[in-house]
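Good morning, everyone, and thank you for making time for this.

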Amino acid sequence: MLCTRLTNARFLTMDPDHPVAHDLGIWRGRIVGLDEAVTSLPAHEVIDLQGATVLPGFIDAHVHLAWTGFKEKTPSIAGRTGIDEVLAVVEEAVTRKGSPGAWVSIAGYDQRALGRHLTAAELDTVSHGHKVFLLHDSGHGCVVNTAVLDLLPAGTPHDSGFLAEGAMGAARALRLPYSQEELAQAIGRAARTCLAEGVTACAEAGIGGTLFGHSPVELGAYQLASEKGLLPLRAQLMVSADRLRPVAAHEADGIPRALDLGLRTGFGGDRLSVGALKIYTDGGMMARTAALGSPYEGLEHSGQLQDDPDVLADTIVDGHLAGWQLAVHAIGDRAADVALDALERAQRLRPRPGARHRVEHAGLIRPDQLPRFARLGVSAVVQPNFLRYFGDDYAAIMGEERAPWLYRGRAFLDHGITLVGSSDRPVTDGSPLRAIQFMVERASESGRLIGPDEGITVDEALRAYTVAGAFACHWEDSLGSLTPGKLADLVVLGDDPRRVDMSRIGDIEVVTTYVDGRESGKSAS
């Protein structure tokens, strides 16, 4: 007997052998058959989906769950456009924090809305003896007050209180880590938000590190969240490369640096597992720290690398030698050169054709870099909603020649490069449907077309959030398509993205989701 039969729906399976179905059978959390193979079988429960469209659950291959959950509960200055208005929000948050000298965190900081960066001196006027930390929305910078600057190591670079990249990491290191219980609650909040938007599996993009980590025992917080029933979707955890340390492994292993006990990609189960090693090569476009081959339009600099190129390359090579899948953060084209050079060197030293290394963001990729991606078998993990919401700004700072190279779609596919959809939530909106709409029409919120030749079909965009996401996370045997034998993770939509006008794709209702064959919010029967 089936546990569940879902009927009267349009199942877009993403499986070329059986692309559309009307019935789907589930037994013990897995898909056991489609259409005639299950219509006559008895089932404990038959659910009439009343003509809805059903897809494999969306996979967000690059998300920050803990950061998202904390941001939801943090005072925010998002939308404020005046310095005085921002300072008033900061002062209100400081006033609510009773403990003298306590840390006060503020979310939503973006200098573009203000026309310039805030300064430590300005924050000092409303700090009242507290340590104030405003995190840039990109995650690649912060503004702090003098009370924080005075605690930083001598020589830490800053611009009147604005700290970027490694300097920001130094400020984060001053704070006590979050408890595992706090982290578990934050992870749970974010996971529920993802699930409501049709995401049933995700890759957490970096735990335990200086830039985006929250605790040296952060993996344990995900275990705690899972044990407490706070993690309603599948999570794969990327580990920050700064957790690697030299090891005295056997010379035959050829492993110069590793995590304790040799932990690497693939450890864990189908609900919680260890994914790629996350390596940062540059910053972000919002903070103007993405490393470009030539300067930003209107600025006299071209961003920055996270470290000396040789140091970055050595980390990439060591991670490869230790058996990790690598997720290399590279937004600017100069950073992509560093990543591709190192990945090529790594594969030359120890060929691993099935490693499935990834470049996270691939925000600005020159035409000459595309064949290198293809030759190395590197996936491009992009965030389409960046251009949907920030595209006007990004196109302006790249200039006419480079703007069409931003967050490509068609060029990656035409070169045989696996194109993977993701959000980088909470940097911007995490909705896969709104991202899919952008991938097709390439229009920002203002209606500006950005690299229109990079537009792809709806089917190709859906594939980026299902089949390609599963491939990038080594989940293709269990997720990504509605194929018998795979896990029963599904998203039920109010309309068919392939049939509505492309300008309406982002507004399609997510009716519900299923994980392991169970509707979200319902327990096992």
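Predicted model: local features only at pLDDT ≥ 70, side-chain atom pairs only at ≥ 80, totals over all residues.

To be careful about terms, on a 1 Å grid over the protein atoms alone, a cavity is a set of points where a 1.4 Å probe fits but cannot get out, while a pocket is an open set with protein on both sides within 12 Å along at least five of seven lines, and lining residues have an atom within 4 Å of a point. Grid points are joined across faces, edges and corners, and the volume is the space filled by probe spheres set on those points. Residues are numbered from 1 along each chain as its sequence is written, and side-chain values use heavy atoms, with hydrogens and water left out.

Searching the whole structure gives three cavities of 30 Å³ or more. Which residues lie nearest the centre of the largest cavity? They are Ser138, His140, Ile331, Phe386 and Asp424, out of 18 residues that line the cavity. Strand S17 (272–280) and helix H13 (384–402) each give at least two residues to that lining; here helices (H or I, at least four residues) and strands (E, at least two) are DSSP runs, numbered from the N terminus.

Turning to the open space, the largest pocket has a volume of about 1,000 Å³. Its lining holds 39 residues, and Ser105, Arg172, Arg175, Tyr178 and His214 are the closest to its centre. Helix H2 (65–72), H3, strand S9 (103–109), S10 and helix H7 (166–173) each supply at least two of the lining residues, and the largest share, six residues, comes from S9.

Now to a helix, H5, which covers residues 120–127 and in which Ala120, Glu122, Leu123, Val126 and Ser127 are buried, where buried means under 20% relative accessible area, exposed over 50%, and partly exposed in between (1.4 Å probe, protein chains only). Why do these residues sit on the same side of H5? They do so because they cover an arc of only 155 degrees around the axis, the arc being that of the directions from the helix axis to the C-beta atoms. The buried residues of H5 pack against helix H3 (83–96), strand S10 (131–136), strand S11 (141–144) and helix H6 (146–149), with contact meaning heavy atoms within 4.5 Å. After H5 comes His128, which has a positive phi, near 50 degrees.

Next, please look at strand S20 (residues 379–382), where Ser379 and Val381 point one way and Ala380 and Val382 the other way, and all are buried. Strand S19 (residues 358–361) runs parallel to S20 and is joined to it by three bridges; two strands pair if DSSP finds at least two bridges between them. Within this pairing, Arg358 has Ser379 in S20 as its bridge partner. Strand S21 (residues 419–421) also pairs with S20 in the parallel sense, over three bridges, and there Val381 stands opposite Val420.

Another parallel pair is S8 (residues 58–63) with S13 (residues 199–207), joined over four bridges, with Ile59 opposite Ala201. Strand S8 is mostly covered, since six of its six residues are buried.

I will finish with His18, which lies in the loop between strand S2 (10–12) and strand S3 (20–21). His18 counts as partly exposed because its relative accessibility is 27%, and it touches Thr13, Leu34 and Asp35, leaving out residues up to four places away in sequence.
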